[in-house]
Amino acid sequence: MRIGELARKVGVSCDTLRLYERQGLIQSDRRPNGYRDFPDPMLEVVQLIRQAQRLGFTLGEIGQLMQGIQGALDQDQVAEVLREK
């Protein structure tokens, strides 16, 4: 889905999604015309990011947690991030 469609579905601006992408929190593929193409599961990822922000997590902390979800951190490291918060 294109960035505008994702933004509408999640209720954020396109600029917010671009920020998340620059921060490495979400990824998109680029079409030949340069448009971003987000896979459908990215909708849930953005919803997770928004929920974490509402709970008081910074984008840096969210990035650490997402690394844990993707297996880059072990469970103890993820638990430490959550405990510190």
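## Salt bridges in the model

A salt bridge is a side-chain nitrogen of Lys or Arg within 4 Å of a carboxyl oxygen of Asp or Glu. This is a predicted model, in which local features need pLDDT of at least 70 and side-chain atom pairs count only at pLDDT 80 or more, while totals for chains, interfaces and linings use all residues. Residues are numbered from 1 along each chain as its sequence is written, and side-chain values use heavy atoms, with hydrogens and water left out.

The structure holds 4 salt bridges. One of them joins Glu5 to Lys9, whose closest N and O atoms are 3.2 Å apart, and because these residues are 4 apart in helix H1, about one helical turn separates them. Glu5 is partly exposed at 31% relative accessibility, where buried means under 20% relative accessible area, exposed over 50% and partly exposed in between (1.4 Å probe, protein chains only).

Another salt bridge links Asp15 and Arg18, with the closest N and O atoms 2.7 Å apart. Asp15 is exposed at 54%, whereas Arg18 is partly exposed at 28%.

## How H1 and H2 pack

Helices are DSSP runs (H or I, at least four residues), numbered from the N terminus. Helix H1 (residues 3-10) and helix H2 (residues 14-22) pack at an angle of about 105°, with their axes 9 Å apart; axes are lines fitted to C-alpha atoms over the stretch in contact, and angles run from 0 to 180 degrees between N-to-C directions. The two helices are therefore roughly perpendicular, a term for angles of 65 to 115 degrees.

The contact (heavy atoms within 4.5 Å) involves Ile3, Gly4, Leu6 and Ala7 of H1 together with Cys14, Leu17 and Arg18 of H2.

Note on methods:
Angles under 35 degrees count as roughly parallel, over 145 as roughly antiparallel, 65 to 115 as roughly perpendicular and the rest as oblique.
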